[in-house]
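Student: I have a structure open and would like to learn how to read its features. Could you take me through them, starting with how strands pair?

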Amino acid sequence: MKRSRINALINEAKYLFASAGFKLPPFAYWTPEQWKPKGHEVDEIRENALGWDVTDFGSGDFDRTGLLLFTIRNGNYHHPDSYPKPYAEKIMVVKENQVTPYHFHWLKREDIINRGGGELVLELYRATKDEKLSDEPFSVSIDGTEKKCMPGERISLKPGESICLEPFVYHKFYGGAGRGTVVVGEVSAVNDDTTDNRFLDAPGRFPEIEEDEPPVHLLCNEYPAVA
Ligand SMILES: [Fe+2]
């Protein structure tokens, strides 16, 4: 992805989150210059990948297969003594027909919440033991109400509605056509993009970046290391 596109998407996301009444923490606005002098006092941000995250899942076509996320809080499976939080929270932008491809999590249980805007559509399967799409029906919880779910069933969430995705449930999601961009929240167990995403067939989690202009904000995997 071009850096100019990432910058534009982050600027658009700030506007969308504000219009949904969702305020971001101060580190959302730190510039690369402001990052330079920061030391170990911000290790929690650096080591738990808090902050901006823009991905095309390696597709080369962000509008069709992509997601913008901001991770607000997170724990860390690898350093539980330093970061014992068992939970995470994100806010995301999902455009009409912009797909986050099928994946499940071995560990993470996540509530996906329509925080405002259009309609969020999810398609779900249980995973088989060999991590393929199961043809068995299963149950999900939508705002505290159990729902029987057929394999591949499409579930649509309006603003305010949420679904709990259990581990080993394959999910893909996108904004419903003609309904507008969706601001999507996630409240979950610890998020670990390096070890806890099982994509069915997406090529990658983080995009290659072409530096055609300076970054407005660093992405969560770009923070300068501290000695
Ligand atoms: Fe997920």
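Tutor: Gladly! Two strands pair if DSSP finds at least two bridges between them. Helices (H or I, at least four residues) and strands (E, at least two) are themselves DSSP runs, numbered from the N terminus. Take Ser141 here: its bridge partner in strand 10 is Cys164. Strand 7 (residues 138-142) and strand 10 are joined by 2 bridges and run antiparallel.

Student: Before we go on, what kind of model is this, and how are residues numbered?

Tutor: This is a predicted model, where local features need pLDDT of at least 70 and side-chain atom pairs count only at pLDDT 80 or more, while totals for chains, interfaces and linings use all residues. Residues are numbered from 1 along each chain as its sequence is written.

Student: How many helices and strands are there in the protein?

Tutor: The protein has 3 helices and 13 strands.

Student: What holds strands together in a sheet, and in what order do the 8 strands of the open sheet come?

Tutor: Strands of a sheet pair through backbone hydrogen bonds, either parallel or antiparallel. In this open sheet of 8 strands the order is 1-2-3-12-5-10-7-8, with antiparallel pairing. Strand 1 (51-55) and strand 8 (145-149) are at the edges with a single partner strand each, so one side of each has no neighbour in the sheet. From one strand to the next, the twist averages 25°.

Student: Which residues stand opposite each other along it?

Tutor: Start at strand 1, which 5 bridges join to strand 2 (residues 67-73) in an antiparallel run; there Gly51 stands opposite Thr71. Further along, strand 5 (residues 110-117) and strand 10 (residues 162-165) share 4 bridges, again antiparallel, and Asp111 stands opposite Cys164. Cys164 is also the bridge partner of Ser141, as we saw, and Ile142 stands opposite Ile163 in strand 10. Strand 7 and strand 8 pair over 5 bridges in the antiparallel sense, with Lys147 as the bridge partner of Val140. These two strands form a hairpin with 2 residues between them, and Asp143 in the turn has a positive phi of about 50°.

Student: What is the strand order in the open sheet of 5 strands?

Tutor: That order is 9-6-11-4-13, with antiparallel pairing. Strand 9 (153-157) and strand 13 (198-199) stand at its edges, each with a single partner strand, so one side of each is left without a neighbour in the sheet. Inside it, 2 bridges join strand 4 (residues 100-104) to strand 11, and Thr100 has Phe173 as its bridge partner.

Student: Is Val54 buried or exposed?

Tutor: The label comes from counting: a residue is buried if 20 or more other C-beta atoms, placed from the backbone, lie within 10 Å of its own, exposed if 12 or fewer, and partly exposed in between. Val54, in strand 1, has 24 C-beta neighbours inside 10 Å, so Val54 counts as buried. Two residues are in contact if their C-beta atoms, placed from the backbone, lie within 7 Å. Setting aside neighbours within four places in sequence, Val54 contacts Met1, Ile6, Leu9, Ile10, Leu68 and Leu219.

Student: Which strands does helix 1 lie across?

Tutor: Helix 1 (residues 3-19) lies across strand 1, strand 2, strand 3 (87-94) and strand 12 (182-189), at about 120° to strand 1. Axes are lines fitted to C-alpha atoms, for helices over the stretch in contact, and angles run from 0 to 180 degrees between N-to-C directions.

Student: What about nonpolar residues?

Tutor: In soluble globular proteins, nonpolar side chains tend to be buried together. A nonpolar core is a set of buried Ala, Val, Leu, Ile, Met, Phe, Trp, Tyr and Cys residues joined through C-beta atoms within 7 Å. Here the largest has 40 residues, and Met92, Val94, Leu120 and Val184 have the most contacts inside it. Beyond four places in sequence, Val184 touches residues including Met92, Val94 and Leu120.

Student: Which loop holds Glu131?

Tutor: Glu131 lies in the loop between strand 6 (120-126) and strand 7. Glu131 is not a glycine, yet has a positive phi of about 65°. With 13 C-beta neighbours inside 10 Å, Glu131 counts as partly exposed.
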